[in-house]
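Me: I would like to go through this structure with you, element by element. Could we begin once it is on display?

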Amino acid sequence: MRKNKNQITFTALLAIALAVFFFLQQYSKANTPAGEGLRVWFFDVGQGDGIFFRTAEGVDVLIDGGPGSSVIEKLAKVLPAWDKQIDYVFLTHPHADHLEGLIEVLQRYEVSNFIESGFVAKTAGYERLEKEAMSGGEKKIIAKTGDRFDFGSDVTAEVFWPEPGILSSATDTNDSSIVMKLSYGEIDFLLTGDATETVEKGLLDDDLNSEFLKVAHHGSRYASTTAFLQKASPLVSFISSGKGNTYGHPAPEALQRLITAGSRVLRTDLSGTIEVEVGRDGRWKIVCEKTCK
Ligand SMILES: [Zn+2]
């Protein structure tokens, strides 16, 4: 009887020890600076976008900061505690679900370059963000079609949108979204902000073909057109949307078009933060905070 009790205690202790071991392993993995490849995270920031990547040599790039300030916790999970510097921060377009988190990022981190589309929004949030961007030492850049960013370690981005002319004529802020193709060797990520059907139409002559697609506008029914998806032909598409959001994102119609195009679809509302790790050899794997289903 006593022996059985001891065995149970031993098994319980072993189970606890294993749980601690795996927790620490996960924790240290999450805090390990990028090794030999590119690591891209689609942060679960609720109903908004927050994308972060880190090159092999440790260049950090944040694209949008989501609503609220949850992006700060997400960054703390992937950046070493001592690293308070972000090399590039992009705002794809000045809507609250993309810009709010960036205000605190600019306050807490030393940002070297701040890039936006050039679309000026008359909102209190945008004014606060601009004030922060003016008071820091960051270089301000307006991105436009044809611009190219070289992040080192064989990682580049080509800007497809906005066309300079769109800024004065755009009636929808989403039409000004920065769309770019992030490339690491042969592997491409097409990042679309909240691009609309109009933007997608304007991009059809570009080399859209990409392994990975950040789906436009949280999976809105008005984006992810069949013609666009045929050109992009993504293996995996990522949708950044909040659980139970009032917009009904992602829309069933958009999901169906993605599936018809042959893409696997992952959503932050179901998977939590999603990470894509790309090795030097071009092989990649996807890790999800909750489930990759
Ligand atoms: Zn949005």
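**Helix packing, sheets and local geometry**

Reply: Ala 96, Leu 99, Glu 100, Leu 102, Ile 103, Leu 106 and Gln 107 of α3 meet Gly 125, Tyr 126, Arg 128, Leu 129, Glu 132 and Ala 133 of α4. The contact of α3 with α4 divides into eight nonpolar, two polar and three charged residues. Please bear in mind that this is a predicted model.

Me: At what angle do α3 and α4 pack, and how far apart are their axes?
Reply: Helix α3, residues 96–108, packs against helix α4, residues 124–135, at about 30°, and the axes are 9 Å apart. The two helices are therefore roughly parallel, since angles under 35 degrees count as such.

Me: Is the crossing of α3 and α4 left-handed or right-handed?
Reply: The crossing is left-handed.

Me: On to the sheets. What is the strand order in the open sheet of eight strands?
Reply: The order is β6-β5-β4-β3-β2-β1-β14-β15, and the pairing is mixed. At the edges stand β6 (139–142) and β15 (284–288); each has a single partner strand, so one side of each lacks a neighbour in the sheet. From one strand to the next, the twist averages 15°.

Me: How many bridges join β4 to β5, and do the strands run parallel or antiparallel?
Reply: Strand β4 (residues 85–91) and strand β5 (residues 110–116) run parallel and are joined by six bridges. Tyr 88 stands opposite Asn 113 in β5.

Me: And β1, how many of its residues are buried?
Reply: Four of the five residues of β1 (residues 38–42) are buried, so this strand is largely enclosed by the rest of the structure.

Me: Which strands does β1 pair with?
Reply: Five bridges connect β1 with β14 (residues 274–278), and these strands run antiparallel. Trp 41 has Glu 275 as its bridge partner in β14. With β2 (residues 51–54), β1 pairs over four bridges, also in the antiparallel sense. There, the bridge partner of Val 40 is Phe 53.

Me: What about Val 287, where is it and what does it touch?
Reply: Val 287 belongs to strand β15. Leaving aside neighbours within four places in sequence, Val 287 is in contact with Glu 275 and Glu 277. Val 287 has 16 other C-beta atoms within 10 Å and is therefore partly exposed. Thr 273 is 14 residues from Val 287 in sequence, with a C-alpha to C-alpha distance of 8.6 Å.

Me: How many bridges does β12 share with β13?
Reply: Four bridges join β12 (residues 236–239) to β13, and the two run parallel. Phe 238 has Leu 266 as its bridge partner in β13.

Me: Is Arg 267 buried or exposed?
Reply: Arg 267, which lies in β13, counts as buried, with 24 C-beta neighbours inside 10 Å. Not counting residues up to four places away in sequence, Arg 267 touches Ile 239, Ser 241 and Pro 250. Val 215 lies 52 residues away from Arg 267 in sequence and 9.8 Å away in space, C-alpha to C-alpha.

Me: Which residues other than glycine have a positive phi here?
Reply: Among them are Asp 64, with phi near 70°, and His 217, with phi of about 50°. Asp 64 is in the loop between β3 (60–63) and α2 (70–78), and His 217 is in the loop between β11 (212–214) and α7 (226–232).

Key. Residues are numbered from 1 along each chain as its sequence is written. This is a predicted model: local features need pLDDT of at least 70, side-chain atom pairs count only at pLDDT 80 or more; totals for chains, interfaces and linings use all residues. Axes are lines fitted to C-alpha atoms, for helices over the stretch in contact, and angles run from 0 to 180 degrees between N-to-C directions. Angles under 35 degrees count as roughly parallel, over 145 as roughly antiparallel, 65 to 115 as roughly perpendicular and the rest as oblique. A crossing is left-handed if the near helix is turned anticlockwise from the far one by less than a right angle, and right-handed if clockwise. Two residues are in contact if their C-beta atoms, placed from the backbone, lie within 7 Å. Ala, Val, Leu, Ile, Met, Phe, Trp, Tyr, Cys and Pro count as nonpolar, Asp, Glu, Lys and Arg as charged, and the others, Gly among them, as polar. Two strands pair if DSSP finds at least two bridges between them. A residue is buried if 20 or more other C-beta atoms lie within 10 Å of its own, exposed if 12 or fewer, and partly exposed in between; C-beta atoms are placed from the backbone.
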